[in-house]
Amino acid sequence: MIEIDSKPFGKVQIDQRQKIHFPYGILGFEHLKEYALLDAAQEPFYWLQSLEVKEIAFVLLNPLIFQPDYNVELDDDELQELGVEKPDDLLLFVIVTVPKDARKMTANLQGPVIIGREKKLGRQFISNDLRWKTKHLVIQEHGDAGKQSAVC
Amino acid sequence: MLILSRKSNQSIMIGDQVEISIVDIKGDTVKVGIKAPRDVPVFRTEVYLEIQKENQEALKTSPDTIESLGGLFPPKKDKS
């Protein structure tokens with residue numbers, strides 16, 4: 001176990017296995033390369049906490065929860081770079097922005113965060129799929145997806 | 001900023017690893033080919049800036065707000 005200083009919880013103990021290395025950082029924060037993946041106070045959210053600057057912490061969400069059609073196409077080189085050898089190794093997240101009125105929270109589907117579970121390597125990719133934007137209304141799209149499946 | 005004129009099918013080397021070629025010019029659109037090592041990320045500037053901006057924005061999310069988010073994603077109802 002190691003102790004880290006986190007934005008959401010202050011000082012917390014984490015397991016070595018929660019540490020993720022981002023060789024390219026997060027866009028706009030390229031100089032920060034070490035993060036930890038923490039469970040947020042509420043499921044299914046996570047915090048991606050910088051281990052170098054306490055104030056840098058992003059809220060992550062699995063996009064398939066509210067947008068079942070979502071996918072990111074990665075080529076073999078990109079998967080290899082993250083040490084992903086089988087589909088199970090890959091964790092797919094998007095960064096969520098939550099304003100004071102939480103129901104207006106948005107998710108950035110254009111810049112997904114992919115983590116290779118085995119090698120603990122992460123990278124923020126840019127999707128070339130024109131359907132995915134930087135501000136998707138999470139609650140609204142979750143509702144829409146629910147309706148569609150109810151009709152089926 | 002260094003400004004160079006290039007014609008279709010001509011290119012520019014940046015260092016010895018990055019090559020930018022002008023593939024095609026039609027009206028006001030230029031098709032550019034980029035050869036770069038894998039560790040040099042290449043982005044359309046406006047997309048790069050937008051994602052950067054959104055990442056900045058995401059940092060404003062307060063931990064207190066997340067605590068209030070319980071039960072937002074209830075299991076979907078059965079179809080029956």
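How many bridges join strand β2 (residues 18-26) of chain B to β3(B)? The points below answer this and then turn to the interface and the backbone.

1. The model. This is a predicted model, in which local features need pLDDT of at least 70 and side-chain atom pairs count only at pLDDT 80 or more, while totals for chains, interfaces and linings use all residues. Residues are numbered from 1 along each chain as its sequence is written, chains are lettered from A and ligands numbered from 1 in the order in which they are written, and side-chain values use heavy atoms, with hydrogens and water left out.

2. The sheet of chain B. Strand β2(B) is joined to β3(B) by 7 bridges, and the two run antiparallel. Strands here are DSSP runs of E with at least two residues, and helices are runs of H or I with at least four, numbered from the N terminus; two strands pair if DSSP finds at least two bridges between them. Within this pairing, B:Ser21 stands opposite B:Gly33 of β3(B). The open sheet has 3 strands in the order β1-β2-β3, with antiparallel pairing. Its edge strands, β1 (11-14) and β3 (29-35) of chain B, each pair on one side only.

3. Extent of the interface. In chain A, 52 residues are in contact (heavy atoms within 4.5 Å) with 28 residues of chain B. The two chains bury about 3,300 Å² between them, 65% of it on carbon and sulfur atoms. Buried area is the accessible area (1.4 Å probe) that two parts lose on being put together, summed over both.

4. Charged pairs across the interface. The rule finds 3 salt bridges between chain A and chain B, a salt bridge being a side-chain nitrogen of Lys or Arg within 4 Å of a carboxyl oxygen of Asp or Glu. One of them links the side chains of A:Lys135 and B:Glu54, at 3.1 Å from N to O.

5. Contributions from chain A. Elements that each supply at least two residues to the side of chain A that touches chain B include β7 (90-97), β8 (106-116) and α2 (138-151) of chain A. Of these, α2(A) gives the most, with 6 residues.

6. Backbone details of chain A. A cis peptide bond, with omega about -5°, joins A:Glu43 and A:Pro44. A:Pro44 lies in the loop between β4 (34-39) and β5 (46-50) of chain A. A:Lys120, a residue other than glycine, has a positive phi near 60°, and its place is in the loop between β8 and β9 of chain A.
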